[in-house]
Amino acid sequence: MNWAPKNIPEILTATWQHLVLSVSSVLIGLVIALILGIICARRPRFYAVVLTITGIIFVIPSLALFALLIPWLGLGTKPALVGLSSYCLLILLRNVVTGLRGVPADVLDAADGMGYSAWQRLVRIELPLALPLIVSGIRIALVTVIGIATVAAFIDGGGLGTIILMGIDQSYTEKILVGGILTALMATFFDLVLSQAEKALVRWR
């Protein structure tokens, strides 16, 4: 291990870029998924259409999707953010809709009986009860995106993929290992943290 100890600032910068890119993409995807999920939970036909579209996006190879975005967004973080956010949608949307549809009917009837408006029922009853499944979707989406984000290096998106790509170009095994191990550690960390949050929310529910 000769390269890593001499390049700590570069490694930390790449790690921070990777973290910001991954978390930002999931947050953008979550906002879109919440809006679509609230609508889809009440409109099965619309849900089927949206699910098909997000499913098609999800199976497009990441490098191909990034390449398709370059003519409109150029190189850098913009196409990376759009592409990674798009990959989140299928996972997040499914969990939001499943969580909202899983709220017991008698609970909804009680809320109606107490005079809750549709908005109050959504904010005070449905979303809080759906929260464990939503957090589960966030966990899966974030772990998935942390892995896919390494490919963003090919379009100058930054992150740990840059170190991996340099290692491949230079046939430098240590750089590949550093980038790969840090990516795996980041994904594992968020998986464990969000798993605990999910369990706590299940008990609270």
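## Helical spans

Helices here are DSSP runs of H or I with at least four residues, strands are runs of E with at least two, and both are numbered from the N terminus. On that basis, residues 20–39 come out as 100% helix and 0% strand, with their end C-alpha atoms 29 Å apart. Residues 175–195 are likewise 100% helix and 0% strand, and their end C-alpha atoms lie 30 Å apart.

This is a predicted model, so local features need pLDDT of at least 70 and side-chain atom pairs count only at pLDDT 80 or more, while totals for chains, interfaces and linings use all residues. Residues are numbered from 1 along each chain as its sequence is written, and side-chain values use heavy atoms, with hydrogens and water left out.

## What UniProt says

The unreviewed UniProt entry puts "transmembrane region" at residues 20–39, 46–73, 79–97, 129–155 and 175–195.

## Aromatic pairs

There are 2 aromatic pairs in the structure (Phe, Tyr or Trp rings, six-membered for Trp, with centres within 6.5 Å; planes under 30 degrees apart are stacked, over 60 edge-to-face, the rest tilted). Phe58 and Tyr87 form an edge-to-face pair, because their ring centres are 6.3 Å apart and the planes meet at 75°. Phe58 belongs to helix H3 (residues 44–59) and Tyr87 to helix H5 (residues 77–101), so this pair ties together parts 29 residues apart in sequence.

Phe58 is partly exposed at 31% relative accessibility, whereas Tyr87 is buried at 3% (buried is under 20% relative accessible area, exposed over 50%, partly exposed in between, using a 1.4 Å probe and protein chains only). Phe189 and Phe190 also pair edge-to-face, since their ring centres sit 5.3 Å apart with planes at 80°. Phe190 is buried, at 17% relative accessible area.

Key. UniProt positions renumbered as here; feature names shortened; annotations may be inferred.
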